[in-house]
Amino acid sequence: MSRTIAPAKGKLGILMPGMGAVATTFMAGIEAVKKGLGEPVGSLTQLGTIRLGKRTDNRTPYIRDFVPLATPKQLVFGGWDIFEDNAYEAAAHARVLQPELLSKVKPALSKIKPMKAVFDKNYVKRIDGPNVKTHKTLAAKAEALMEDMKTFQKTNGADRLVMIWCGSTESFHKAAPVHQTLAAFEKGLAKNDADIAPSQIYAYAALKMGVPFANGAPNLTHDIPALLDLARDREVPVCGKDFKTGQTFMKTLLAPGLKARMLGCKGWYSTNILGNRDGEVLDDPGSFKTKEETKLSVLDQILQPNLYPQLYKDLYHTVRINYYPPRGDEKEGWDNIDIFGWLGYPMQIKIDFLCRDSILAAPLVLDLVLFLDLAQRAGMKGIQEWLSFYFKAPMTAPGLYPEHDVFIQLMKLKNTLRHMKGEDLITHLGLEYYD
Ligand SMILES: NC(=O)c1ccc[n+]([C@@H]2O[C@H](COP(=O)([O-])OP(=O)(O)OC[C@H]3O[C@@H](n4cnc5c(N)ncnc54)[C@H](O)[C@@H]3O)[C@@H](O)[C@H]2O)c1
């Protein structure tokens with residue numbers, strides 16, 4: 001039985017708290033795609049296909065033709081930032097895209113002016129800016145965000161909205177009593193509880209308005225009972241957290257392969273140099289701790305040392321991020337992996353990934369907003385585990401461990417799409433071809 005999915009008519013408004021490198025590379029990229037100036041490389045929704053039925057059926061439509069997704073032409077953008085730069089100026093400052101390309105999309109980007117942010121320097125220590133809301137309570141700030149969303153929707157004639165956090169990584173903090181129930185959270189908003197982070201206020205505002213929410217950073221944002229309850233009550237799909245782009249993406253490609261062949265691993269040393277504003281924010285130990293938690297969890301979950309103690313019990317895993325301004329967004333990530341094989345004989349693997357952070361992240365933003373919008377039109381609510389494919393630290397129901405293996409994640413994603421449309425799930429059993 002297929003789900004009823006409402007059509008993707010009208011405009012889809014994409015709202016981004018944080019109009020920095022990732023957000024502006026995404027927006028500029030979509031404007032460039034709309035004009036035929038480039039291809040949306042890295043985007044599964046735009047370039048990916050899905051096999052339906054048997055291998056002999058020859059049914060492999062594009063995903064975008066199989067499920068009713070909004071098209072890039074239907075997207076309109078808005079956002080909030082503590083800096084006053086419009087999207088063109090912010091993109092120029094981020095120095096990810098070439099000035100020649102940016103100049104061709106300047107008219108569209110210059111019109112996107114950041115709304116005043118909800119900001120608290122205690123959560124992001126290395127930056128400060130003038131474009132912030134000054135209401136006395138967090139509750140009033142949340143109301144103001146909801147007003148911003150209504151104004152944006154009206155001005156842009158958007159049929160539906162999706163919000164995706166592309167703001168700086170906030171300082172590490174654990175769920176507190178104020179995060180446990182919606183009533184406690186709303187009381188906390190009224191009393192300016194210091195345990196409520198700005199990103200949580202954006203997420204609250206989105207969910208109250210029935211707007212799907214994704215978190216591209218590792219912060220504890222909507223991964224708390226109060227906001228997950230709100231998402232279910234309002235029947236809103238959500239997902240997170242922390243885009244899986246560079247080094248962690250490589251890890252989730254390689255580690256399942258090592259485990260599949262029962263090769264052991266003694267140590268995995270990962271280090272990065274990175275010189276963009278994200279790198280500057282992550283130079284603060286509080287923000288780095290948030291990132292470190294999500295980056296470290298991946299290997300343990302994939303390699304399962306509890307099931308394979310001979311291979312992975314004593315694995316030494318370290319992750320470093322070093323702020324190095326000359327490189328800007330063009331990060332370099334090194335991995336040294338000490339593996340061992342037959343009879344314990346040691347071997348080494350070295351990876352040197354000269355990547356571009358925001359070039360890798362932009363297509364994930366596109367896929368996430370389109371899939372979240374699809375999920376909402378299909379009546380799906382709460383955590384969307386099938387979107388784990390995009391995250392370093394996929395959100396799951398309490399008590400469930402996250403799935404990190406990128407190939408299992410992809411299978412889960414595609415099977416969810418098949419399920420939505422009432423197609424047979426693909427198990428890869430394949431015995432029927434030999435009967
Ligand atoms: N690029 C990647 O590959 C990648 C991968 C995983 C996660 N991320 C995360 O995505 C986020 C964005 O990355 P980026 O490279 O664009 O960083 P960036 O520093 O260029 O942009 C972040 C923007 O958020 C703004 N901001 C901070 N707090 C805010 C608030 N409360 N409200 C509104 N705006 C706020 C900052 O002023 C800045 O302009 C970061 O948290 C980063 O860790 C990026």
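In which sense, left-handed or right-handed, does H7 pass H9?

Modeller: The model is a predicted one. In it, H7 passes H9 in a right-handed crossing. The two helices cover residues 138–156 for H7 and residues 198–208 for H9, and their axes come within 9 Å of each other, crossing at roughly 55 degrees. That angle makes H7 oblique to H9.

The residues that meet at this crossing can be named. From H7 come Leu138, Ala142, Leu145, Met146 and Met149. From H9 come Ile201, Tyr202, Tyr204, Ala205, Ala206 and Lys208. Lys counts as charged, and Lys208 is among the H9 residues in the contact.

Side chains of opposite charge can pair when their charged atoms come close. The structure holds 19 salt bridges, and one of them joins the side chains of Lys133 and Asp148, with N and O at 2.7 Å. Asp148 belongs to helix H7, whereas Lys133 lies in the loop between strand E3 (115–116) and H7, so this pair ties together parts that are 15 residues apart in sequence. Lys133 has a relative accessibility of 9% and therefore counts as buried. Asp148, at 16%, is buried as well, because the limit for a buried residue is under 20% relative accessible area.

A second salt bridge spans another stretch of the sequence. Lys392 pairs with Asp242, and their closest N and O atoms are 3.6 Å apart. Lys392 is in the loop between strand E11 (382–383) and helix H16 (406–420), while Asp242 is in the loop between strand E6 (237–240) and helix H11 (247–260), so the bridge ties together parts that are 150 residues apart in sequence. Both Lys392 and Asp242 are buried.

Asp373 and Arg377 are both in helix H15 (residues 357–377), four residues apart, which is about one turn of the helix. Their closest N and O atoms are 3.1 Å apart, and both residues are buried. This pair also belongs to a network of salt bridges that links Lys9, Asp159, Arg160, Asp373 and Arg377.

Ala158 lies in strand E4 and, at 9% relative accessibility, is buried. Setting aside residues up to four places away in sequence, Ala158 touches Lys11, Gly13, Val76 and Gln153. Ala158 and Pro198 are 40 residues apart in sequence, and their C-alpha atoms are 25 Å apart in space.

Thr169 is found in the loop between strand E4 (158–165) and helix H8 (182–190). Thr169 has a relative accessible area of 2% and is therefore buried. Beyond its neighbours within four places in sequence, Thr169 is in contact with several residues, including Tyr123, Val124, Ala217, Pro218, Asn219 and Asp278. Val281, Leu282, Ser287, Thr290 and Lys291 are also among the contacts of Thr169.

To return to the request, H7 meets H9 in a right-handed crossing, and Asp148 of helix H7 forms a salt bridge with Lys133.

Key
Residues numbered from 1 in each chain as written. Predicted model: local features only at pLDDT ≥ 70, side-chain atom pairs only at ≥ 80, totals over all residues. Heavy atoms only, no water. Buried < 20%, exposed > 50% of the residue type's maximum accessible area, 1.4 Å probe, protein only. Contact = heavy atoms within 4.5 Å. Axes fitted to C-alpha atoms, helices over the stretch in contact; angles between N-to-C directions. Parallel < 35°, antiparallel > 145°, perpendicular 65-115°, else oblique. Left-handed = near helix turned anticlockwise from the far one by under 90°. Salt bridge = Lys/Arg side-chain N within 4 Å of Asp/Glu carboxyl O.
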